[in-house]
Structure formats: structure tokens, C-alpha cells
Amino acid sequence: MVDINKAHVLMLLKKKIIPECDAAAILKVLNELSFESIDAEGCEDIHVLLEKRVIEALGEESGGKIHVAKSRNDQVATALRMELRLLILKVLEALIKLRKTLIDIAKKHSGTVMPGYTHLQQAQPVTLGHYLIAHHDAFERDTERLKSSFLRINRSPMGSGALATTTFEIDREFTAELLGFEGLIENSIDAVSDRDFAVETLGNFSLISVHLSRLAEELILWSTSEFSVVKISDEYVSTSSIMPQKRNPEVAELIRARSAHIIGSLIASLTILKGLPLSYNSDLQEITPHLWDSYKTTLSSMNMMIGMLESLKFDEELLYKRVSESFSLATDIADMLVSQYGFPFRTAHRIIGDLVFRMISEGKKPSEITADLIKKEIEKTTGKIIDIEASLLKKILSPELNVERRGVIGGPSPNEVLRMCKDRDCKILRDEEWVKEKLTHLAQAEKRLNTLINEVVRRC
């Protein structure tokens, strides 16, 4: 808010709306302002407080000029955007770190075979690296959405006044540049009443929290004694007050639960906005706490998830065993009948489906599937006698060879996983550069603001 007032005073001076010495005096007071030493009694908000302090120091004749051609309404909207753009950049930094962590683990496990699931039932073999990239890519989309939102947030409402601008010949673009904005919210009514940017950000935070919650849920599930394929570090678990053997995944559970708070803030903010007439209404103030709370929750959840991911230990042998002991290669046997023996897929699906169903009911394992069994099932279903090549079937029933053959773009083969990791590394670097560029731009704007202030103060 102080910076907004500084930029506004410099603009008033540039347009010769206030004298230079008055501007210099106001800027000097703003530079030396300390909130600890200010008595806020009788001041309903920060705007009145700042003006009171300047007038106390300079008198109303000079200090009273600080509020020329501006309103609380455009200042609030401007301050919200200035604060939020910095917070979004912090969230982006954490998102990038989270993505890096996932890709680093994916590289280590590019060839770790594991079951893939649909409906929480084992479906087809994949690799752990492939699985983790899926989580990464959700966070990559979150990154893209936040970057896009930043561009809409980083536009200045300043100069809109209460709702109808001002009769003074102000320079809105100059004020925007001094505050590091990259454009204007042009329509003055829209500028003071719009909170789309806040709701959009809450929507982005909600999606991040949903993606965090889904990842947390899988870690909770995988760390159960029934799955036992991952161990979460002691730092991120707790024991029971009565059962000493327990390792409760408490941090993951809290991440999962806290997503509800952020989603709730989004719904609350939408509900606040839905019935508001233009332009400014005090109801808008109630959105701001939701925004700041959601930011804190989102950032803390991401940081906890990063630490937890870095501590994970996967049981690669057990993951492989789970694949080997399931019938998740059944689709590939059906595909073999289609590609090698010319069966329609639906017929092949029925043949292998009946075979698997019978083997499960008889308590048999996938390793007991033989060419002869398939031959008999084909004859039973179609009446045809087909000799199945045993060596081909053996390759198909190998989980390692199965995933290696899935080298289609986006597939789980180790080579494709490593290619995707390399591609994601490049994207992460580009996103890091983007964040650095925006931080540099804001720092340069702040430097220019302070340089101009010092020049004006020196002249008077």
C-alpha cells in the first residue's frame, strides 16, 4: 500500500497535478514510515492510517494532497494484485521443486515394473517411473495455469478511482509501470469490482490441492500392510496412542484433508460474488481471507509432499511380484491371438477371459498358463485347432519384456520413460527461467520507483 502511494505521488508530480516540493515531502514521509510507531486509533483502515500519518508530519495543506485522484477502491484492488502476484511466484517455485522431485524419482525407477490400476483393480503392467510422470504432468498443467493467471493478475486497476476514474489528467500507464504491472484493467468499473483473478487463483489452488490429495491417497494406500510397496519415512508418520506397532501416514492424511479447506474457499468466494451488483461492495472484502488462507495451505502442503517424496523407499521386488502373480498380462495374450493368429479382438477377448476365469476359480497362477491350455480354450470356443507358439507366449508373459514393448509415445517402456523425463527436465528449466524473469521484472520496477523517489527528494 505504501508503494502504491509512492507511485501515485510520482505520477501526480509527473503530470504537474501537485508541486514538486509537496511531492518530495510526502515521499520522504512515506520512505521513513514505521508502522510500529503509528497510533491507529480512530483509523478505520490502512488508507486512512497512511493519510493520517502524512498529514501529521506535513500538515493538511501539503500532506492532504496524497489522496488526490485516487480512492480506497482502486488501491485495494491494486494492492491485492501486487501481493497475489508475489505469492503465485512462490507457489510456482514450490510446484517446480515438486515436479523436479517426481522426475528425479521417475528416472531412478524407469525400469521398475509395477501393476497399473483401473477401478483400484490390477489392470496392466507399467513402470513406476511411468506412474510418477503421470502425477508430474498434472502438476505441470497446474504450473501452466498459474503462469497464465499471473498475466491476468499483473494488470493495474490504479487510476480507476471509486468507479469512474477522475477529472484530473492522470497517467495510469506510468503508475502501472512503476508498480511492475504489465498493463491495465482498462474499464474503471471492472477494475474496482473484479475479483475474477482471486477466484481464478483459488481454482488453481484447488486443482493443485486435488492433485496433491490424489498423490497422498496413493501413498497412504501403498503404505498399508495390504500393499506394503512403499515405506514413508518416520518423520512423516506417527504411532498410535495405544498400538505401538502402528505407522500412521499422518502427513499424507493431513494433505488429503486440507484440500477440502481450499475447495471450500473457492465455493465460498464464488457464492459471495454470484449476487453482487456492480461496482464495489464491501462483500468483496470477505474473499481476501479465503485467498491468503488457501495460499498458505497450498504452499505448506506442497512443501510437506516434497519432503515426504524425497524420503520414500519403494519395494521393487514386491512390486514385481504383484505383477507376476496377477493376470494383468491377459490383454497381451488376447492381442497375440489377434496379431499372430488373425482372431477378431472380441473373440480373442472371450477366449482368454474364459481361460483366466477358470484358472482363478481353480486357484491357478498366471505362471501356469501354457500354450496347450490356450489351444484347448480356442478349440472349445471356436472349434478351431491352432498351435500356439510356446516361445512367443513366454515372451508375452514376461513383465519386463511386456513393458519394454510398450514404447509408444507416452507408454511405460523404460526408454520412453527416460525420454519423457528428459523432455520434462527441459520444461522445468523453461518454467524456472519464466519465474526468474518475472521476479527480475518486479525487482527492476521497485528499483526504478525508489530511484525516482530519491531524485525527487534530493531536488527539494
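On a 1 Å grid over the protein atoms alone, a pocket is an open set of points where a 1.4 Å probe fits, with protein on both sides within 12 Å along at least five of seven lines, and its lining residues have an atom within 4 Å of a point. Grid points are joined across faces, edges and corners, and the volume is the space filled by probe spheres set on the points.

The model is predicted: local features need pLDDT of at least 70 and side-chain atom pairs count only at pLDDT 80 or more, whereas totals for chains, interfaces and linings use all residues. Residues are numbered from 1 along each chain as its sequence is written, and side-chain values use heavy atoms, without hydrogens and water.

The largest pocket has a volume of about 670 Å³. It is lined by 29 residues, of which Met1, Ala79, Leu80, Met82 and Glu83 are the closest to its centre. Two or more lining residues come from each of the helices α1 (2-14), α3 (46-58), α5 (72-108), α11 (287-311) and α18 (414-459); helices here are DSSP runs (H or I, at least four residues), numbered from the N terminus. The largest share, nine residues, belongs to α5. By type, this lining holds 17 nonpolar, five polar and seven charged residues; Ala, Val, Leu, Ile, Met, Phe, Trp, Tyr, Cys and Pro count as nonpolar, Asp, Glu, Lys and Arg as charged, and the others, Gly among them, as polar.

The second largest pocket has a volume of about 260 Å³. At least two of its lining residues come from each of α6 (128-153) and α9 (196-222), and α6 gives the most, with five.
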